[in-house]
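Me: I've got a two-chain model open and want to walk through it. Can we start with what counts as buried?

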Amino acid sequence: MRKLLAWTIRWSVLAALVLASSPASFGAAKTSPTALDYSAFGRKLSKEEQILQAVNRLTFGPRPGDVEEIRKLGVKKWIDLQLHPERILENPALAGKLEPLESLRLTQADAARNYPNPQMIRAIVAGREPMPEDPVTRAAVQSVLHRVRVKRDMPESDPLDPVTPLEDLLSRDQIRALRNGTLDEKRAVLAAIPENKVDDVVIALPPGLRFQLMPAASAALRRKLMLMNAPQQLISYDLTEGKLLRAILSNRQLEQELVDFWYNHFNVFLDKGADRFLVPSYEREAIRPRVLAHFRDLLEATALSPAMLFYLDNWQSVAPNTQRGGKGKQVRGLNENYARELMELHTLGVDGGYTQKDVTEVARCFTGWTIRAPRDGGGFFFNERVHDKGEKVVLGVTIAAGGGKEDGERVLDILANHPSTARFISRKLAERFVADDPPPELVARMAKTFHDTHGDIRAVLKTAFTSKEFFSQGAYRAKMKSPFEMIVSAVRATGADVDFAFPLGNRLTQLGEPLYRKLEPTGYSNLGSEWTTSASLLARMNFALDLVQNRVPGVKVNASAYEADTAGVARQILFRDASPETQAALEKAVADQREKNPNQAARPGWIAGLVLGSPDFQRR
Amino acid sequence: MQRTRRVFMRDAGIAMFGVGLAPGWLTRACAAEPAGSRKKVLVAIFQRGAVDGLNVVVPFGDKRYYDLRPAIGIPAPDGSLNAAVDLDGFFGLHPALAPLKPIYDSGQLAIVHAVGSPDPTRSHFDAQDYMESGTPGRKATADGWLNRALPPDSGPHSPVRAVSLGTEMARSLRGPNEALAVSNLNDFKVRDPVGSDLYESMYGASRDTALSGTARETFEAVKLLETLQKQPYSAANGAKYPNGRFAQSLQQIARLIKADVGMEVAFADVGGWDTHVNEVGATPVQGQLANLLANFGESLAAFCRDLGDRMADVTVVTMSEFGRTARENGNRGTDHGHANYMMALGGGIRGGKVYGEWPGLAEEQLYERRDLSLTTDFRDILSELVARHLGNPKIASVFPGYAGSGFRGLLGS
């Protein structure tokens, strides 16, 4: 019975959808009579709760001091400021931390040229490309080549550069310290290596030791170690590092939330071919500058981006029966992939009222939207020769024959202004920022703002953030944190010092959200219910305890900052009191420990870890 | 050697926890004295991205196939591995699936062609959702068919009776019955033992019902899997799993089956089948699809070999959200289509046969003049496995709204 009840509650939200869409509910769709009840969205929050609600939704969780600052400024003013990130002074520490992440600033062409990727390696194997100049890149590529040749049973065509043995570069004591020394000893050895020997040392170190030394290395040296160990992962390393550092450190928190939201809305999978080096410029140039702009502009920026054109195959879509130039007389044709996802996921939503015929017609409109030399990081290019110049009818609108690139732009106009798009985008934003199942009236008001302002994202969000539903018991702590939100909020709550963030990215993978690696165009879910699984829960608990005991490399928590009393520690982490049940469990933890080891005080860091892993911290 | 469930429960209870320390579900199970032998297991496999069934189970006997696919068609069998592997003189397997041919010949592998969901959608997301919920066309279904497929009145059951491989809980396994998401059996624990106990009581007391429910299931399973984690696993009968996540998933399922921990259903998925571009390489039997299929076939073959005689209790069924266009597209690939193929493997399967009526590939025989038409509803196949393998006769609640057009006789009755 208990199980049935628990289940009924767990699934009541989804059951509500069952009822809403089909009165003749069936079989397993048991439901409670309160399932359709949105009355909790009419119950107000206290002043203090309002602050916590705002800070938990517009940021990746409060840092020490944030709540006081918002109280001083006033919630409304603070929200308005977050909606205008350009008026917020950025955290001066952030720029310095981002500085070494070179690939995030490169043009796509330079990223393609300067970072070893599978295409480049293949080209070097085939002798079409020369070996890189930079010694570490060169050694890294050579070691990859060596592995490829061994695997394929190929002869070594040119001898490997000689590697100076570690013993000739460092003393025995230094090598011993690198292997078994304390973090400070390792740091001292690495710092003492003369500049002209650094590359040789990086090349000579065994791969396992390179990883172990990362926490002791400077940011520049760390990238060399990373490059040598996994040259093809360097862009992924920079992206992960950059995304986590911004989410943790930026004062423009809503902007970071929105970059995550829109990147997932217009998802591109990092590991698909050329997207390995197209993603940095995609996020930097198409997404980031437009997260609060007009939806139409954001939509067009993604439509024109090489990353998206490549990911959803539009770059290869041509008018039916176009003859390909060059030697292979291959006939190419229409590819519907982008056209379909554009309507289903980017604009109208799957129920937005389009047909298979519309998909084909939209695909015809976008023929010729391609990339110049994608493998070399070329940019957008409209290829008139392969464009379908015939007449098309999209959602009942006739697009006259004889058009060019503007056919695609016309489609973007039609889609961006469609009422289904206003509803679909509004609902998705409400799911992210208000509740998994937001009240329909709120979505309708947001959609109206969308319509009235021609898709001004800032205005739509303002409608949400000033609504009574946003500041209601129905929304308060109603959202389960995504893995990204959980990990970032834990680092922020503890005020941890982040030297490098990549190990946090590995933890994210264990929690179920490897960054930039959602293969499906849906992106990661905004619904908390998606993230409540056994594997993810255990990974959260392990992360919580490891973080505060400084077992996550690159991140340092000052455990002594936590008071001895459990209620105080809970408030330091949660910025409010723990629930009575959690508080009781924490007290029992301390009592048990005292009984077992009467002479040893409870470790404050450990209690903080238990709070980070508690049910209270998993919600925002 | 047949061990009764009762003996297993007693042994396991003593071995793992000592008398008097057995967890709730185990004491309940012992007290209830469930009759019968070890559990039947149904393993569902989802090929996400819509695998190109016409190049997996090749209708080389249909001349139209080569008209529609001049560049990417798999050549008719010629005894070599550069052509289809003949199954029955009309259909052939993609040569990369050659490791499955001995299983087909032994009668443990059945194939169904022109099967799928009757819903016309060509959206991956919707079609996967419909297939996993088991209710084509109904978006509102909250839970998955494999969860509902669990026999309803089987009494006390193991916390690992339903296992979804991966960090995310598969849509197919969501629902009222307890189900577990496991990405790696060995990591399935809180590493700090004191912390583990504390979290268990903290979540147990929590009024956050969603989280406390998941946590209760999690910790029961953690205790059960503790013993298993202490023993290193090696595959039996010389089985060699290839690299990759899918093979890992199957190996972990085999491990759970052999450990007799009460698993009844399992789910694993494998992605990458959305071959719009360069589905084939320099020749039709090379390239993306061939690579994916090689790993897929080797994984399944290793699974069957590893389980050996235990396959008598196991049925594996594969599915994919929809098929791909009958015609190749301009990029040596195929676009989203309609009907597809399914496979069923297991000791009880009447295999060595390709089931289903062949609709033909002539223009007017194609669905919307572009895709393979559907002659078998995927629920015809799944409902037979649910009823005859899992022993759950309540098809109407597993597949609500499904009228049922009868079993295809994949399982001996």
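Reply: A residue is buried if 20 or more other C-beta atoms lie within 10 Å of its own, and exposed if 12 or fewer do. Keep in mind that this is a predicted model.

Me: Fine. How many residues of α11(B) are buried by that count?

Reply: 17 of the 20 residues of α11(B) are buried, so this helix is largely enclosed by the rest of the structure.

Me: What's the span of α11 in chain B, first C-alpha to last?

Reply: α11 covers residues 288-307 of chain B and reaches 29 Å between those two atoms.

Me: Which residues have the most contacts inside the largest nonpolar core?

Reply: A:Ala464 and A:Val611 do, in a core of 285 residues. The largest share of this core comes from α11(B), with eleven residues.

Me: What is A:Val611 in contact with, leaving aside its neighbours within four places in sequence?

Reply: A:Val611 is in contact with A:Val569, A:Ala570, A:Ile573, A:Leu574, A:Ala578 and A:Phe617.

Me: Back to chain B. How many helices and strands?

Reply: Chain B has 13 helices and twelve strands. Its radius of gyration is 22 Å, close to the 22 Å that the globule rule gives for 413 residues, so chain B is as compact as a globular protein of that length.

Me: What box do the C-alpha atoms of chain B fill?

Reply: Roughly 70 × 45 × 40 Å, taken along the principal axes. Of the 413 residues of chain B, 57% count as buried.

Me: What about contacts in chain B between residues at least 6 apart in sequence?

Reply: Of those contacts, 71% join residues at least 24 apart.

Me: Strands next. Which way do the residues of β6(B) point?

Reply: B:Ala162 and B:Ser164 point one way from β6(B), while B:Val163 and B:Leu165 point the other way. All of these residues are buried.

Me: What does β6(B) run parallel to?

Reply: β6(B) runs parallel to β8 (residues 265-270) of chain B, joined by three bridges, and B:Ala162 stands opposite B:Val265 there. Three bridges also join β6(B) to β7 (residues 180-182) of chain B, again parallel, with B:Val163 opposite B:Leu180.

Me: Which strands make up the open sheet with antiparallel pairing?

Reply: In chain B, three strands in the order β2-β4-β3. β2 (57-58) and β3 (85-86) stand at the edges, each with a single partner strand, so one side of each is left without a neighbour in the sheet. Between β2(B) and β4 (residues 92-93) of chain B there are two bridges, and B:Val57 stands opposite B:Leu93.

Me: Now the interface. How many residues of chain A are in contact with chain B?

Reply: 54 residues of chain A are in contact with 54 residues of chain B. The elements giving two or more residues to the chain A side include α1 (2-10), α2 (12-21) and α31 (580-596) of chain A.

Me: Which element gives the most to that side?

Reply: α29(A), with eight residues.

Me: How do the residues on that side divide?

Reply: The side of chain A that touches chain B has 26 nonpolar, 20 polar and eight charged residues.

Note on methods:
Residues are numbered from 1 along each chain as its sequence is written. Chains are lettered from A and ligands numbered from 1 in the order in which they are written. This is a predicted model: local features need pLDDT of at least 70, side-chain atom pairs count only at pLDDT 80 or more; totals for chains, interfaces and linings use all residues. Two residues are in contact if their C-beta atoms, placed from the backbone, lie within 7 Å. Helices (H or I, at least four residues) and strands (E, at least two) are DSSP runs, numbered from the N terminus. Ala, Val, Leu, Ile, Met, Phe, Trp, Tyr, Cys and Pro count as nonpolar, Asp, Glu, Lys and Arg as charged, and the others, Gly among them, as polar. Two strands pair if DSSP finds at least two bridges between them. The radius of gyration is taken over C-alpha atoms; the globule rule is 2.2 Å times the number of residues to the power 0.38. The expected span of a helix is 1.5 Å times one less than its number of residues. A nonpolar core is a set of buried Ala, Val, Leu, Ile, Met, Phe, Trp, Tyr and Cys residues joined through C-beta atoms within 7 Å.
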